[in-house]
Amino acid sequence: MRLILIIQLTLIYICKSQEADIMKPTVNIISDLQKLQTLVEGLLTDLNATKSELVKQKALVQNLQQQITESPKVAFTASMTSEEDLHRGPFTSEKKLIFDKVLTNIGDAYNPKTGVFIAPVKGIYYFRYSGYAFTLHNMGLSIFKGNTRFVSSYEHTSGEKNDNVSNGAVMQLSAGEEVHMRLWIQSWIFVDYRYNYSTFTGYLLYPI
């Protein structure tokens with residue numbers, strides 16, 4: 001009888017222990033919800049930051065588009081006209097070259113009658129020239145910013161049949177400043193009526 005009682009008590013204990021384990025929750029729902037809430041709050045913070053950055057980027061793009069739209073369009077290329085192939089020069093003094101054959105003149109900042117480019121706005125500009133001539137005389141060319149020689153190139157009589165020179169420069173100009181080209185003393189440049197060997201070019205890179 002005593003053994004049977006012990007067995008019965010043991011079975012009762014085992015059953016109660018299993019019942020307790022079944023009722024005990026295996027997951028802490030409140031803790032997990034708190035963790036999930038923290039994660040969601042972090043995602044919302046990141047999302048708001050991303051939205052704010054997108055707004056800034058959109059404003060920047062719109063500003064750049066407005067600058068591109070409102071920025072003046074300035075570009076020209078000009079050569080020299082002649083009814084026949086000939087040279088200009090040599091002269092006993094330095095001469096301003098007038099490139100009167102306009103190939104491109106967007107913005108009309110270059111004057112083909114005077115050979116002078118006048119900056120319409122303050123900005124950074126790029127200018128370039130090319131010169132061609134036979135070799136019986138020297139060829140010297142310069143770009144002038146106002147009355148100041150900016151860049152030059154020079155071809156001494158080489159003994160070859162043809163000579164070519166070129167150069168270019170980036171300039172910062174204020175509105176109204178002038179740029180032109182000059183032919184050096186005792187030198188010449190070839191002017192053709194078809195092929196535009198000698199040219200003067202300039203354009204606005206960006207306003208400032």
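This is a predicted model: local features need pLDDT of at least 70, side-chain atom pairs count only at pLDDT 80 or more; totals for chains, interfaces and linings use all residues.
Buried here means under 20% relative accessible area, exposed means over 50%, and partly exposed is in between (1.4 Å probe, protein chains only). Residues are numbered from 1 along each chain as its sequence is written, and side-chain values use heavy atoms, with hydrogens and water left out.

**Overall picture**

- The chain has 208 residues, and 27% of them count as buried.
- Its secondary structure comes to 2 helices and 13 strands; helices (H or I, at least four residues) and strands (E, at least two) are DSSP runs, numbered from the N terminus.
- Mean pLDDT, the predictor's confidence in each residue from 0 to 100, is 85 for the chain, with 84% of residues at 70 or more.
- Residues 2-7 fall below 50, and beyond near neighbours in sequence this stretch has 0 contacts in the model; a contact means heavy atoms within 4.5 Å.
- Among contacts with a separation of 6 or more, 74% are between residues 24 or more positions apart.
- The accessible surface of the chain is about 13,900 Å², and 59% of that belongs to carbon and sulfur atoms; the areas come from the Shrake-Rupley method with a 1.4 Å probe, and for residues only the protein chains shown count as cover.

**The nonpolar patch on the helix**

- Leu36 sits in helix α2 (residues 29-70).
- Together with Ile29, Leu33, Leu39, Val40, Leu43, Leu44 and Leu47, Leu36 forms a nonpolar surface patch of about 760 Å² accessible area.
- Patches are made of residues with over 30% relative accessible area and no salt bridge, where like charges are joined within 9 Å and nonpolar side chains (Val, Leu, Ile, Met, Phe, Trp, Tyr) within 5 Å.

**Core**

- The largest nonpolar core has 30 residues, and Phe117, Phe127, Leu141 and Phe200 touch the most other members.
- Strands that each supply at least two residues of this core include β1 (75-79), β7 (123-134), β8 (139-145) and β10 (162-173).
- A nonpolar core is a set of buried Ala, Val, Leu, Ile, Met, Phe, Trp, Tyr and Cys residues joined through side-chain atoms within 4.5 Å.
- Phe127 touches, among others, Phe76, Phe117, Ile143, Met171, Val179 and Phe200, leaving aside residues up to four places away in sequence.

**Salt bridges around Glu94**

- The count comes to 2 salt bridges, each being a side-chain nitrogen of Lys or Arg within 4 Å of a carboxyl oxygen of Asp or Glu.
- Glu94 pairs with Arg149, with the closest N and O atoms 2.9 Å apart; that ties the loop between β2 (86-88) and β3 (95-97) to strand β9 (residues 148-155), 55 residues apart.
- Glu94 also bridges to Arg182, at 3.7 Å between the closest N and O atoms; Arg182 is in strand β11 (residues 178-183), 88 residues apart from Glu94.
- Glu94 is partly exposed at 29% relative accessibility, and Arg149 is partly exposed at 38%.

**Leu183**

- Leu183 lies in strand β11 and is buried, with a relative accessible area of 0%.
- Contacts of Leu183 include Phe91, Glu94, Leu97, Leu141, Trp188 and Ile189, not counting residues up to four places away in sequence.
- Leu183 and Ile143 are 40 residues apart in sequence and 9.4 Å apart in space, C-alpha to C-alpha.
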